[in-house]
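Me: Can we go through this model together? I'd like to start with the charged pairs, then look at the core.

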Amino acid sequence: MKDFMIEKREALGLTVCEMAGKCLCSRTLLEMLEESDRHITHPHIAARIAKAYGLSVDEYNRLVSAKHRTNKLPKAKKPPTESNLSVAFIGKYENPYRKYQKEASDP
């Protein structure tokens with residue numbers, strides 16, 4: 001269990017769903033990370049989560065597998081959106097994070 005993530009999220013006054021919107025990832029992924037010792041397979045997702053939670057390098061390294069560990073936090077890259085996808089995907093792609101972004105921005 002990664003209690004440091006729960007503590008940081010609660011200190012920000014956010015629910016898991018609101019944090020998912022801020023991280024641009026799924027609520028299920030954050031719940032899995034907070035409640036288990038599993039790792040994130042992609043360092044860009046881990047970087048977005050580290051930035052949103054305000055994690056240190058050591059805490060970031062606890063999120064990723066050994067081959068992705070580092071001595072400084074990588075830059076967080078945003079996932080693809082409708083505006084930057086290839087023309088081939090227009091009309092076929094729906095942003096799966098939109099629901100969480102709306103919930104996080106609601107008063």
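**Charged pairs and core**

Reply: Arg9 and Glu34 are both buried (under 20% relative accessible area, with exposed meaning over 50% and partly exposed in between; 1.4 Å probe, protein chains only). This is a predicted model: local features need pLDDT of at least 70, side-chain atom pairs count only at pLDDT 80 or more, and totals for chains, interfaces and linings use all residues. Residues are numbered from 1 along each chain as its sequence is written, and side-chain values use heavy atoms, with hydrogens and water left out.

Me: What does Arg9 form with Glu34?

Reply: A salt bridge, with the closest N and O atoms 2.8 Å apart. The term means a side-chain nitrogen of Lys or Arg within 4 Å of a carboxyl oxygen of Asp or Glu. Arg9 lies in helix H1 and Glu34 in helix H3 (residues 27–35), so the pair ties together parts 25 residues apart in sequence. Helices here are DSSP runs (H or I, at least four residues), numbered from the N terminus.

Me: How many salt bridges does the structure hold?

Reply: It holds 3. Another one joins Lys8 to Glu59, with 3.5 Å between the closest N and O atoms. Lys8 sits in helix H1 (residues 3–11) and Glu59 in helix H5 (residues 57–63), so this pair links parts that are 51 residues apart in sequence.

Me: Is Glu59 buried or exposed?

Reply: Buried, at 15% relative accessibility. Lys8 is partly exposed, at 26%.

Me: And which residue does Arg27 pair with?

Reply: Glu31, through a salt bridge with the closest N and O atoms 3.0 Å apart. Arg27 is partly exposed, with a relative accessible area of 31%. Glu31 is partly exposed too, at 25%.

Me: New topic. Which residue has a positive phi although it is not a glycine?

Reply: Leu24, with a phi of about 60°. Leu24 lies in the loop between helix H2 (16–23) and H3. Its relative accessible area is 14%, so Leu24 counts as buried.

Me: On to the core. Which members touch the most others?

Reply: Met5, Cys23, Leu30, Leu33, Ile49, Tyr53 and Leu63, out of 20 residues in the largest nonpolar core. Such a core is a set of buried Ala, Val, Leu, Ile, Met, Phe, Trp, Tyr and Cys residues joined through side-chain atoms within 4.5 Å. H1, H2, H3, helix H4 (43–53) and H5 each supply at least two residues.

Me: Where does the largest share come from?

Reply: From H4, with 5 residues.

Me: What is Ile49 in contact with?

Reply: Leaving aside neighbours within four places in sequence, Ile49 is in contact (heavy atoms within 4.5 Å) with Met5, Cys23, Cys25, Leu29, Leu30, Leu33, Ile40 and Leu63.
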